[in-house]
Structure formats: C-alpha cells, structure tokens
Amino acid sequence: MAAQKDFTVVIVGGGMCGLACATALLRAGVEAHVFESAPKFDEVGAGVGLGPNAVKALQGLGVLDDVLSRADPPKLSMRPYTFITGKGNHEHIFDYALSANEIGLSIYRPVFLDALVPKIDAKYTHFDKRAIQVARTPSGRHVVTFHDNTSVEADLVIGADGIKSITREFVAGPHPHNHLAYVNTDTYRGMHVVTYPIRGNELLNIGAAVSSSFTWSPPRKDTWVERSVPAKEMFDAYGDWGHDIKTILSHIKDPSRWCMHAVDPPLEHYVKDKVVLVGDAAHAMVPHLGAGVGQGFEDSYVLYRLLTHPETNSTNLSGVLRIYDTIRPPRASMVARESARMGRLYHGFGPGEGGNTIKQTQEQVAGIWEPVWYHDLEKEVSQHLNRFFAHGGKL
Ligand SMILES: Cc1cc2nc3c(=O)[nH]c(=O)nc-3n(C[C@H](O)[C@H](O)[C@H](O)COP(=O)(O)OP(=O)(O)OC[C@H]3O[C@@H](n4cnc5c(N)ncnc54)[C@H](O)[C@@H]3O)c2cc1C
C-alpha cells in the first residue's frame, strides 16, 4: 500500500508487541520498519493467556482473525480459574466466576509470530540489528544506532525492545538499574503452580514460581534465565507440597529457571520527544494476572488509533503522542500494581501477618481481574482524539 502518512516509523524489537504494531500500521499505510536484534523473529517461552481486553485490542488492530486462524482450537473461549492450596490435600479456595460470553484465548507464543510474520513485507524487517542508542537529530527527527555501527533515522521511534529495553533510557532517563527490579521470585518453566492447556489439549503450560519474599531488589547480575537446571533443584523447592503438584512437576522435562524482574518503580511517562515505549519496555510486570502482553496490545492499539487518525500528520504528531502518554501509564501501572498484589497473595505473603486464611484470600481475589478485563479503551481514545482535533490539534 502506498504511504498514507508524511512520517516514518522505526520499531525497535520484533516481539509480540512490536509485530502487532508493525502489522497494523503497515496495513493502514504507515511506513514502519522493524529492527530486531535476533537473526529471525523468535519467541522463547510457552503460552500466554489473553483476557477480553487483550482480545479486543487485537481485534482493534485488525490482527485477531490472523491469530485465531493459527490458534488451536481456532475460537475464543475462556476456561474458568480454580484456585487450590498447594500444600496438604489441595483445599479448594475459589472458583473465579466467568460470564457465559467471556472472550479469551490461550496461545502458544511461536504460533502468534507465525500468524503475523507472513503479513509483513520482508522489506520492512531487519535482523541482527541490536539497537544501542537513540538520539534526537537537530531537525527534530530521531536516529537509532545499532551495534554494527549502522543507524537509521525516522520521525517516530517505537521502543518495543522488551524488559531490558535500551529505548527506555532515552524516554525515562539514565538509571543505575535501567528502572528494573528483581522480585526475589523464580519460575520453573517447561512454583504457586499455574497450569493451562495450549495448542488444543496437547501442551500444558506450567509456571511454577518459588518466592523468598516477593519484595523488590536491584536486578540480578547473573543470568536471568538458566536453562536445563537439575530437576532435583525444582523438586527440593517443592519438597513439602501436595501430591497433585508433585505429579504436575514430574511432567516438566528439562526445566528452566527464570528470575522474575519488573519495571519498578513504574514509569510516569512512556513518551519523550517522538520516542514511544510499548509492551515490556514500558511496563514489564510480574505475570501473576497473566496481563503483561495484554497491556502491550492495549499500548499498540492506542498508538495505532492515534497514528492512523485521518488528521494525524507530522505537524501534530507530538500532540497526538501526548494523548498516548495521558492514557497509557496510569492504566498499565494499575495493572502492574494489581499483578504484584496477586503475586503476594499467590505466594502467601499478604495482606495478613503470617499469611492469609482461605477466607482472606477469597476476599482479595474476588473481582481482581474486572478492572483489567473490562475497560472501554476505544471510548477513551475516541474521546481524546475528538477533543484534540476539535481544538485544532491541541491538548
Ligand atoms: C513466566 C511468564 C508468564 C507470562 N504469562 C503471561 C500471560 O499469560 N499473559 C500475558 O498477557 N502476559 C504474560 N507474560 C508477559 C509477556 O510475556 C510479556 O509482557 C510479553 O512477552 C512482552 O512482549 P514485548 O513484545 O513487549 O517484549 P518481548 O517479547 O521481550 O520482545 C522484545 C523483542 O525485542 C528484541 N530486542 C531486545 N532488545 C533489542 C535491541 N536493543 N534492539 C533490537 N531488538 C531488541 C528482542 O529480541 C525481542 O524480539 C508472562 C511473562 C512471564 C515472564
């Protein structure tokens, strides 16, 4: 499609959020190039669960049908969540109530990429391009420099470069730990224990997290993902847990251990000049509500709506981006906060002294997903856009 806009976009990072942005923007005629540090698009990890808000964002981006066509089964559905205690005889805590028409999706990460990559013309994708710096040019554009001493200039840079983002430094300023914290919690993948089926019923996604305190410390200096850890290490961590947990763990072949990190404290701004953060670059959060990439898809959707509005052009781009910076940080920070609250609950650290009773846990969990899943993002972005352009492109 011929370029519909008088500005160009560079997307740093081709994970799920970068690719969702690229697919939607290119379809709408915005010239967007993806620069990925790896030699090809690839996803580590198994499945992700997407709630109704994430599904709606993908729909708004126009990519839901592409993703669904590769999903197994290829339809939206939501499985009820059941919470049980990990130790003893697995006492029932809570069934999270779902309405009959709830829309959600569990998808294997590589399948998500397989669905979107063929939709992007290869001339817009660039591999082995690890960004090392973003800077502003005297003319108000931005230049991204890569480790191989090449660089690219664009009117707008979207930082979709994940938790260890380098674009974050441009937006949020230098910080001794790149605005990251270690959550003193490690997940064995591949302990609470979360399981859900992906790829039909062929694969069971298992995330087993062990937490020493669920408090925030400086990031780990050693490796964050340890592959092929001895199974004994994992079993020792769950030595006193119940029968069902041990049975599930016994099916993890070749476990890997992930040290859990998050952006902390939350960023107040996701935009500086014409550099915008999306996904984990903006708000990597603990996974206990299964909401991280859903927030990234919301980012992508809001950005897509703003950039493809018929009246958006290079002269009002800064103002349009201020709308993004008004809408996104408060909401994603709320979801990150609630995810951490759920994490503390899962691991038995709060809110009561010495752990929770089952009743306290029920009270805390009740309704915890409602504000995440049910927010009228479309209404919010439309209201802002209408106000902005009714005032001649001023906030
Ligand atoms: C254990 C666990 C379970 C989770 N479960 C869920 C869930 O059920 N539901 C949910 O919504 N979320 C979940 N999440 C969160 C979700 O995985 C992330 O939010 C999501 O993967 C972030 O996507 P992203 O595209 O922002 O970043 P990433 O997936 O990290 O992609 C970043 C991309 O940028 C590239 N890159 C990095 N640095 C550079 C650079 N300097 N230059 C160029 N390219 C670069 C990387 O190679 C990568 O391709 C979970 C997370 C964890 C850890």
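**Close-up views of a predicted model**

**View 1. Val144 and its surroundings.** Leaving out residues within four places in sequence, Val144 contacts Val10, Val12, Ala131, Gln133, Val134, Thr150, Ser151, Val152 and Val157. The model shown here, as in every view, is predicted. Two of these partners return below: Ala131 and Val157. Val144 also belongs to the largest nonpolar core, where it is among the residues with the most contacts.

**View 2. The nonpolar cores.** The largest nonpolar core holds 85 residues. Besides Val144, the residues with the most contacts inside this core are Ile11, Leu50, Phe297 and Tyr324. Which element gives this core its largest share? Helix α1 does, with nine residues. A second core is separate and has 18 residues, including Met285, Ala336, Met342 and Trp373.

**View 3. Val157 in its strand.** Val157 sits in strand β11, which covers residues 156-159. Is Val157 buried or exposed? Its relative accessible area is 0%. Buried means under 20%, so Val157 counts as buried. Setting aside residues up to four places away in sequence, Val157 touches Val10, Val12, His142, Val144, Lys274, Val275 and Val276. Val10 and Val12 are also partners of Val144. Now look at Thr8. Along the chain, Val157 and Thr8 are 149 residues apart.

**View 4. The shell around the ligand.**

**View 5. Polar atoms at the ligand.** A polar atom of the Asp280 side chain lies 2.7 Å from a ligand oxygen atom. Which residue places a polar backbone atom 3.1 Å from a nitrogen atom of the ligand? That residue is Gly290. Gly292 also uses its backbone: an N or O atom there lies 3.3 Å from an oxygen atom of the ligand. How much of the ligand does the protein bury? Taken alone, the ligand exposes 1000 Å², and the protein buries 82% of that.

Notes:
Residues are numbered from 1 along each chain as its sequence is written. This is a predicted model: local features need pLDDT of at least 70, side-chain atom pairs count only at pLDDT 80 or more; totals for chains, interfaces and linings use all residues. Side-chain values use heavy atoms; hydrogens and water are left out. A polar contact is a pair of N or O atoms within 3.5 Å; within protein, one must be able to donate a hydrogen and the other to accept it, and residues adjacent in sequence count only if both atoms are side-chain atoms. Accessible areas come from the Shrake-Rupley method with a 1.4 Å probe; for residues, only the protein chains shown count as cover. Helices (H or I, at least four residues) and strands (E, at least two) are DSSP runs, numbered from the N terminus. Buried means under 20% relative accessible area, exposed over 50%, partly exposed in between (1.4 Å probe, protein chains only). Contact means heavy atoms within 4.5 Å. A nonpolar core is a set of buried Ala, Val, Leu, Ile, Met, Phe, Trp, Tyr and Cys residues joined through side-chain atoms within 4.5 Å.
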